[in-house]
Amino acid sequence: MPLTVSGLASIWAYNNIEYLKNLNSIEIAFLAILSSFSMGFSLIPTSFVALVAGYFWGLNAIFILVITYIIATIIGFYLSKKIDNQQILNELNKSNKAKQVLENLKTDQFKIIMLARLSPIFPFGISNVIFTYLGVPLQKLVFAGIIGMLPRTILLVWVSSKSESIKTIINGNWNEQFKLPILAIGLLSTGFLIYIILKQLKK
């Protein structure tokens, strides 16, 4: 579904470049809300939204993106609450080892949330479900999530603002100098996240 929605959004953006470059405040607010719901319902990747926003609005898009991330996180949090997490928790708590692992992970919630949001391999929607399932409070999920997403978001916005065309962004044909820091952030954040989880599993 995210690939389909991203593809359709890419086609629409490509065919409406001049319109998107000259949006008024109300139209930008509408697109921001639409993006928030799309990310909250896991219909579109956060990285795609950051790249497109950066291309059209440059570094000014960062403030808008932070607002959309907050709204999307709140939507994802309450949407995840609709899943029968309690039954899953009851089953896991029957195992002493599983119960211990869950308790250990709770002690590193803030770091885990930041690293998961920073890492590109953990989809936004799936991580919302996992963190809600682990009992992470909404305030912590929002605050740690924004801190974790900011470095990658700033980098993606900067990369897209330097791109010559929206087609370049959609196809991922960036200069090698841009790909290296993005890859480094992804690998480091994923590595640290795996290390923390494995460390807790051994306790």
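The legends below describe close-up views of one predicted model. In this predicted model, local features need pLDDT of at least 70 and side-chain atom pairs count only at pLDDT 80 or more, while totals for chains, interfaces and linings use all residues. Residues are numbered from 1 along each chain as its sequence is written, and side-chain values use heavy atoms, with hydrogens and water left out.

**View 1. The chain as a whole has twelve helices and zero strands.** Helices (H or I, at least four residues) and strands (E, at least two) are DSSP runs, numbered from the N terminus. Of the 203 residues in the chain, 43% are buried, where buried means under 20% relative accessible area, exposed over 50% and partly exposed in between, with a 1.4 Å probe and protein chains only. Among contacts (heavy atoms within 4.5 Å) with a separation of 6 or more, 79% join residues 24 or more positions apart.

**View 2. The second largest pocket holds about 440 Å³ of space.** Of the 23 residues in its lining, Ala 9, Trp 12, Leu 31, Ser 35 and Val 52 are the closest to the centre. Helices α1 (2-15), α3 (25-40), α4 (46-57) and α5 (61-81) each supply at least two lining residues, and α3 gives the largest share, with seven. The lining has 20 nonpolar, three polar and no charged residues; Ala, Val, Leu, Ile, Met, Phe, Trp, Tyr, Cys and Pro count as nonpolar, Asp, Glu, Lys and Arg as charged, and the others, Gly among them, as polar. On a 1 Å grid over the protein atoms alone, a pocket is an open set of points where a 1.4 Å probe fits, with protein on both sides within 12 Å along at least five of seven lines, and lining residues have an atom within 4 Å of a point. Grid points are joined across faces, edges and corners, and the volume is the space filled by probe spheres set on the points.

**View 3. Thr 73 lies in helix α5.** Thr 73 is buried, with a relative accessible area of 4%. A polar atom of the Thr 73 side chain lies 2.7 Å from the backbone oxygen of Tyr 69. Leaving aside neighbours within four places in sequence, Thr 73 is in contact with Arg 117, Phe 124, Asn 128, Leu 141 and Val 142.

**View 4. Helix α8 (residues 109-118) is largely enclosed by the rest of the structure, because seven of its ten residues are buried.** The buried residues of α8 are Gln 109, Ile 112, Ile 113, Leu 115, Ala 116, Arg 117 and Leu 118.

**View 5. The structure holds five aromatic pairs.** The ring centres of Phe 77 and Tyr 78 are 5.2 Å apart and their planes stand at 90°, so this pair is edge-to-face. Rings of Phe, Tyr and Trp (its six-membered ring) pair if their centres lie within 6.5 Å, and planes under 30 degrees apart count as stacked, over 60 as edge-to-face and the rest as tilted. Phe 77 is buried, with a relative accessible area of 6%. Elsewhere, ring pairs link Tyr 55, Phe 56 and Trp 57 into a cluster.

**View 6. Ser 42 is found in the loop between α3 and α4.** Phi of Ser 42 is near 60°, a positive value in a residue other than glycine. Ser 42 counts as partly exposed, at 33% relative accessibility.

Note on methods: Polar contact = N/O pair within 3.5 Å; in protein donor to acceptor, adjacent residues only side chain to side chain.
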